[in-house]
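These are my notebook entries on a single chain. I looked up its confidence, its fold pattern and a few individual residues.

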Amino acid sequence: MKNILTPVDPEQPETPTAENVSSIRLSKTLLETAIFMAHMQNSRLHILHCWSLPGETLLSSGRGRMYPQKLQQMLKLAESIHTRRLDNLVTELDFPDKALPWALWNGFLFC
């Protein structure tokens, strides 16, 4: 079976700007195209969203260091927010298989 990987950025800003509206539109277009391709090629679709907690490095070491348990709570909260945003993006689209595999990646991908 073939695999298709599509990256998305499901940001849902409180104040829409031309830039973030364009980004949301791009994510939806990428996802719709990937869904179509997966159905046409009988492939497995994987959805990827990368995120990071602002200031995470500073909060985990150095002068701004906080207790590891508190940082873990903040990371779990941030992950739940990103999970909800990704779920919202996926459920907004009209396609038969709502149970698509997806992955959240906390950090940066280096190529």
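The entries below run from the whole chain to single residues.

Entry 1, confidence. I note at the outset that this model is predicted. I looked up the mean pLDDT of the chain and found 79, with 79% of the residues at 70 or more. By element, I found confidence highest in strand β1 (residues 3-7), at a mean of 88, and lowest in strand β3 (residues 102-106), at 57.

I recorded 3 helices and 3 strands in the chain. Following the sequence, I read their order as β-α-β-α-α-β.

Of the 111 residues in the chain, I found 27% buried. The accessible surface amounts to about 8000 Å², and carbon and sulfur atoms account for 58% of that area. I then took the contacts between residues at least 6 apart in sequence; 73% of these join residues at least 24 apart.

I located methionine 40 in helix α1, which spans residues 18-40.

I checked its separation from glutamate 11, which lies 12 residues away along the chain, and found 8.2 Å between the two C-alpha atoms.

Notes: Residues are numbered from 1 along each chain as its sequence is written. This is a predicted model: local features need pLDDT of at least 70, side-chain atom pairs count only at pLDDT 80 or more; totals for chains, interfaces and linings use all residues. Side-chain values use heavy atoms; hydrogens and water are left out. Helices (H or I, at least four residues) and strands (E, at least two) are DSSP runs, numbered from the N terminus. pLDDT is the predictor's confidence in each residue, from 0 to 100. Buried means under 20% relative accessible area, exposed over 50%, partly exposed in between (1.4 Å probe, protein chains only). Contact means heavy atoms within 4.5 Å. Accessible areas come from the Shrake-Rupley method with a 1.4 Å probe; for residues, only the protein chains shown count as cover.
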